[in-house]
Amino acid sequence: MPSIVRSALVPIAKAVLYSGSNRWCPVCEKGTRKFRPFGSVAGGARRDDAMCPWCGSLERHRLAIIYFREKTNLFDGAPKRLLHVAPENKIEALFRDAVGDGYLSGDLMDDRVMEKLDITDIHHPDDSFDVIYCSHVLEHVPDDRLAIREFYRVLKPGGWAMLNVPVTADKTFEDPTIEDPAERERLFGQYDHVRRYGPDYEDRLKEGGFQVQRSSPSDIVPQKDIARFGLSNDLAGDIYFCTK
């Protein structure tokens, strides 16, 4: 079959497979019959009902957007400066719509962002941002405590940050002497992770100066909607809402 024909058939096949309303994605605000599987079967990490077929959002993205809409002032139309670290494409579009020229994306490795950004050395003055969103980044950063202090420094008094990480251990475990990618993957779950976080992650945020409110999916979403939003496999994690 010619490639041009295959390309034309892909959206048709996807529409047939996923059209429906059993699930709802709060990121792209579209219904679907089911969410797509995500992950590798070979690696034992594949999970069903995980990825939105329309926008690619995962559990943690959908939970964050629900929290933003239900629990914060992000979409109230008031001017804000928002720092988005390691931006996810679909969430970036929502943030740009919400704050316009107040939006700034930053990353150390991604050339598509607006600013080259080392979160352990943020080149912005104290009290620069009303909102900071950093999700699943700190587990890659050797000195995460310094990064947390930097987030606190550049956040305005009265501002808030969502600083989410995967919590996959009973207690945070790290060993900076481990540099071999295969050993990091074995111990930390991914070759470019430098630690596994436990529930004591909240203590690190507090040590950095923040007041912290931790919320699980069931604290945010009514039980009847957990499955509908694709949050029933516990991979969404918790929300760490931090204020200054």
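Q: Which residues of helix 5 (residues 181–188) are buried, and what makes a residue count as buried?
A: They are Arg184, Leu187 and Phe188. Buried means under 20% relative accessible area, exposed over 50% and partly exposed in between, with a 1.4 Å probe and protein chains only. The helix itself is a DSSP run: H or I over at least four residues for helices, E over at least two for strands, numbered from the N terminus.

Q: What is the model behind this, and how are residues numbered?
A: It's a predicted model, where local features need pLDDT of at least 70, side-chain atom pairs count only at pLDDT 80 or more, and totals for chains, interfaces and linings use all residues. Residues are numbered from 1 along each chain as its sequence is written, and side-chain values use heavy atoms, leaving out hydrogens and water.

Q: Why say that the buried residues of helix 5 line one face?
A: Looking down the axis of helix 5, the buried residues fall within an arc of 75°, so they line one face of the helix. That arc is taken from the directions from the helix axis to the C-beta atoms. On the face turned away from the buried side sit the exposed residues Ala182 and Arg186.

Q: What covers the buried side of helix 5, and what follows the helix?
A: The cover includes strand 10 (173–174) and strand 11 (195–196), judged by contact, meaning heavy atoms within 4.5 Å. Next after helix 5 comes glycine 189, with a positive phi near 95°.

Q: Is glutamate 92 buried or exposed, and how do you know?
A: Its relative accessible area is 16%, so glutamate 92 counts as buried. This residue lies in helix 3 (residues 89–99). Neighbours within four places in sequence aside, glutamate 92 is in contact with His84, Pro87, Tyr103 and Ser105.

Q: What does aspartate 219 touch, and where is it?
A: Aspartate 219 is in helix 7 (residues 217–220). Not counting residues up to four places away in sequence, aspartate 219 touches Lys71 and Arg214.

Q: How many helices and strands does the protein chain have, and why is the chain called as compact as a globular protein of its length?
A: There are eight helices and 13 strands. The radius of gyration is 19 Å, close to the 18 Å that the globule rule gives for 244 residues, so the chain is as compact as a globular protein of that length. The radius is taken over C-alpha atoms, and the rule is 2.2 Å times the number of residues to the power 0.38. Of the 244 residues, 45% count as buried.
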